[in-house]
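Colleague: I'm new to this one. Can you walk me through a few spots?
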Amino acid sequence: MPYTRIQGEFRIVGTSPDGDTVRFYPDDPAVWDRIPGPVPIQIRGPGGANLRLEGIDALETHFDPPFVGGGVLHQPKAQAEGAAAELLRLLGFDPVQRTPSGKVKAPTNPAAVRGYVLTRGGDRLGRCVAFTGPGAGPDADADGNVFFTPAMLHETVNHKLLAKGFVYPTFYRSLFPDLRNDMTATVHKAQADGEGLWPLDKTQKPTVVVGPPEVSKDVILPKFYRRLGEYVLLNDGDPDLGGFVVFLRRKADTFTILSTGHTSTGLDLIIEVNDSKVRWTHDIEDIVFDN
């Protein structure tokens, strides 16, 4: 499974990293032009770009739905901010001070951390989708390619966050099956051991929807939360769920349920609404999303 290795450094002052997004500056910024994706990688500052960590999804510390407006939403802060702090600690930044809006204050210790990125492309928001970690990373061939194995996966911060229950798994079709299977086994162990957010997880239990900025006071899958948040904001802050199923159908998220092979368009297939409560009906590791 060839991945492109990019070496460079993490710099976080003035940014708002969460548990699955962080700023990376490659040694050669021209490398971003060679990363495929639905849109070009969005360059920020002197050659940096935001990484979106592959295979995981952290609770939202500041979710502002694109093209919607209406305010910034957040999930339960203890777990959302805990994941963000753990990501930075794993990369080598500790301690980190933030402004009330969540931006990292100067100085940090250290000012920058050497690191690597393993990627196969970017996402529709112009972020580089990647496995990452501190240090030089695995050896690459003359073209900068790495045959990425599950053993290498275990050295990434993606895997370490998943193993300790700081984040949910969220799989997309770009993730190779053997890596996905390894991450699924990691999730099952974290669940069995009661790690991190798993004892609090209410994704498959009825959750009450409230107005912004919380939308749900429960710990639930971020992808589920983002759809709820977008709906509530489009509904002028009203948490009434009367139109939620139609909203999901029109969003047309496409995915496959691995255990059945069923492919569907619309999360309404795996969402159950009962008056003011809503729940997700499938194990998240059993779902592979197209985008």
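Modeller: Helices here are DSSP runs of H or I with at least four residues, numbered from the N terminus. Note that this is a predicted model.

Colleague: Where is Arg 227 found?
Modeller: Arg 227 is in helix 5, residues 222–234.

Colleague: Is Arg 227 buried or exposed?
Modeller: Arg 227 counts as buried, because its relative accessibility is 12% and buried means under 20%.

Colleague: What is Arg 227 in contact with, leaving aside neighbours within four places in sequence?
Modeller: Phe 244, Phe 247, Leu 248, Lys 251, Asp 253 and Leu 267.

Colleague: What do Phe 244 and Phe 247 form?
Modeller: An aromatic pair, stacked, with 6.1 Å centre to centre and 15° between the planes. Both residues lie in helix 6 (residues 244–251), 3 residues apart, about one turn of the helix. Phe 244 is buried at 0% relative accessibility, and Phe 247 is buried at 11%.

Colleague: Changing topic. How many aromatic pairs does the count come to?
Modeller: The count comes to 12. One of them is Tyr 3 with Phe 148: the ring centres are 5.1 Å apart and the planes are at 65°, so the pair is edge-to-face. That pair links distant parts of the chain, 145 residues apart, with Tyr 3 in strand 1 and Phe 148 in the loop between strand 7 and helix 2.

Colleague: Which residues form one aromatic cluster with Tyr 3?
Modeller: Phe 131, Phe 148 and Phe 176.

Colleague: And Thr 254, which side chain does its side chain make a polar contact with?
Modeller: That of Asp 290, at 2.8 Å. Thr 254 is in strand 11, residues 254–257.

Terms used. Residues numbered from 1 in each chain as written. Predicted model: local features only at pLDDT ≥ 70, side-chain atom pairs only at ≥ 80, totals over all residues. Heavy atoms only, no water. Helix = DSSP H or I, 4+ residues; strand = E, 2+ residues; numbered from the N terminus. Buried < 20%, exposed > 50% of the residue type's maximum accessible area, 1.4 Å probe, protein only. Contact = heavy atoms within 4.5 Å. Polar contact = N/O pair within 3.5 Å; in protein donor to acceptor, adjacent residues only side chain to side chain. Phe/Tyr/Trp six-rings, centres within 6.5 Å; stacked < 30°, edge-to-face > 60°.
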